[in-house]
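Have the structure open as you read.

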Amino acid sequence: MHKPEPDKFKIPVGPQHPALKEPEGFSVALKGEKIMGLEIRLGYNHRGIEKACEERTYIQDLYLIERVCGICSHSHSTCFVQAVEEIAAVEVPKRALYIRTLIGELERVHSHLLWLGVAGHEIGFDTLLMYAWRDREIVMDLLALITGNRVNYGMNTIGGVRRDISKEQAEEVLKGINILEERTKYYIEIATQETTIIKRLSGVGIISHEDALKLDAVGPTARASGVNRDVRYNDPYAAYGEITFNVITDTHNDVYGRTLVRVKELMESYQIIRQCLKKIPDGPILTKVPRKIPIGEATSRYEAPRGEDVHYVKSNGSEKPERVKIRAPTLANIQAVKHMLKDRFLADMPIVIAAIDPCFSCTDRSVSLENPGDRNKEIMTWHALRTYSIEWYKKQGIDFTELNNNLKNKLERR
Amino acid sequence: MRPGKMIKEVLRSIIKKPATNLYPAEELAMPHNFRGKLIFHPEKCVGCKLCMKDCPTGAITINKVGEKQFQAVIDLGKCIYCAQCVDSCLKKALETTKNVELAQLDANKLKVTFSGESKTGIENKTP
Ligand code: SF4
Ligand code: SF4
């Protein structure tokens, strides 16, 4: 342990607190309001999923893997089945690949809309939260319509998908997508024209192009720093090889850039969904795969809404895998957060952490302010930190009250 | 904000239909593919136990109760409603329903037994 410096405050954020849903530990060293250093500790939420996978059959693992994350459940299960299918050398029917792509994109739409709402909430723009989450219901209903359930869709199985999509369902999806496209255009308008948002998010959480490469940031976090990387494009899986779309990048390098990348990616997703429904071939949706998977190993990559997801599977010729390794995108991005917050203010912490869209962004969290010199302690909840952040920015002249009211009035007039 | 605006909103809210559903008076429509509580058709079951093997949580148990007669015990507290057992069963002896009202105060009641003799797949009320 190093000696505490008397003029520095150390703030532990987490890891355990009754209000915390996902335990993560942050220790922030402060000088005044300035962040001098940030320590991140992961691993409090270790569930032993990888080990549990070794003790179950491939079919049972499907459902376990799906529960790695509630939001990107389809991402994880697709990534896993791709690896198993590669080892078993199965040819997955085209129709199944298109259905996987379709669900994957619907999932991205719901995840990005969710993020938009959370980001709005963290900066005090709650009207955006209400709007974005209301619109998100449309895509949640579409997912339920096709897969049967709102979360943990259970669509994938080794060798294909478990449910087909009918003509009527496809039409419903198109209808929903049309509404969402209009809404997204409106969000792009807000994001590019509303000065309050631009001011609040610009220059916050900067990570340069070089640093993003060096720290191996993934997904929208990297793409907002001009890193032209997208697994869907660079290493096409499922049906992405037959679909045209743009990889959205931005050179703002900050939270504003990440917002733009995400809202513009929504527009691309709508195009991908339309192409999927147009090009989807007829035919079977499942190839039968023997229960025993031959000896081999494979790595599979998938562009989850938060970035590149990597699964590694090693088989030993039995019904159960020998080893499963999962690298979720948040792990790749978490180091970048440390960089983004260096020399920034405490008030930026909520939005910068939320901007990588970590799996713990929506949780209530406790912060205790502690002065190692005189043992004075101050406890701050995540809610208090957020309020502090909003008030701090109000003093800098960035206030969302007027914008919230304007939008509310606009809604009332309709 | 002008007070006039508020009054309009208040008046509109008085006549507006509530945004929430009148549950449980009005039943919610579940999507077509919804995976709810399972039912078992004993007359179709051949006792291969593939469903038991593939169930990720070990929620389903098939017991032999007589000559070519099988009984299913499903632990609704363990079941994650993935419907893998329905997919695995080659005889279509298992089926999902749209029933979601499964809450119980007594944990033992979550264990339902589908009798092997019943031709209808109705669960035994007294296990
Ligand atoms: S329910 Fe189906 S899978 Fe299960 S034992 Fe009976 S026949 Fe076999
Ligand atoms: S639905 Fe899934 S968890 Fe439930 S009994 Fe069937 S296989 Fe097991």
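Let's start with A:Val28, which stands opposite A:Leu38 in S3(A). This is a predicted model, in which local features need pLDDT of at least 70 and side-chain atom pairs count only at pLDDT 80 or more, while totals for chains, interfaces and linings use all residues; side-chain values use heavy atoms, without hydrogens and water. Residues are numbered from 1 along each chain as its sequence is written, and chains are lettered from A and ligands numbered from 1 in the order in which they are written.

Strands S2 (residues 25–31) and S3 (residues 34–41) of chain A run antiparallel and are joined by seven bridges. Strands (E, at least two residues) and helices (H or I, at least four) are DSSP runs, numbered from the N terminus; two strands pair if DSSP finds at least two bridges between them. The hairpin has two residues between S2(A) and S3(A), and A:Gly32 takes a positive phi near 65° there.

Now to the interface of chain A and chain B.

| Item | Value |
|---|---|
| Residues in contact (heavy atoms within 4.5 Å) | 22 of chain A with 19 of chain B |
| Buried area (accessible area, 1.4 Å probe, lost on being put together, summed over both) | about 1,900 Å² |
| Salt bridges (Lys or Arg side-chain nitrogen within 4 Å of an Asp or Glu carboxyl oxygen) | three |

Carbon and sulfur atoms give 40% of that buried area. A:Arg291 forms a salt bridge with B:Asp54, with 2.7 Å between the closest N and O atoms. On the side of chain A that touches chain B, helices H2 (58–66), H5 (126–147) and H15 (401–413) each supply at least two residues. The largest share, four residues, comes from H5(A).

How values were computed
Buried area = accessible area lost by both parts, 1.4 Å probe.
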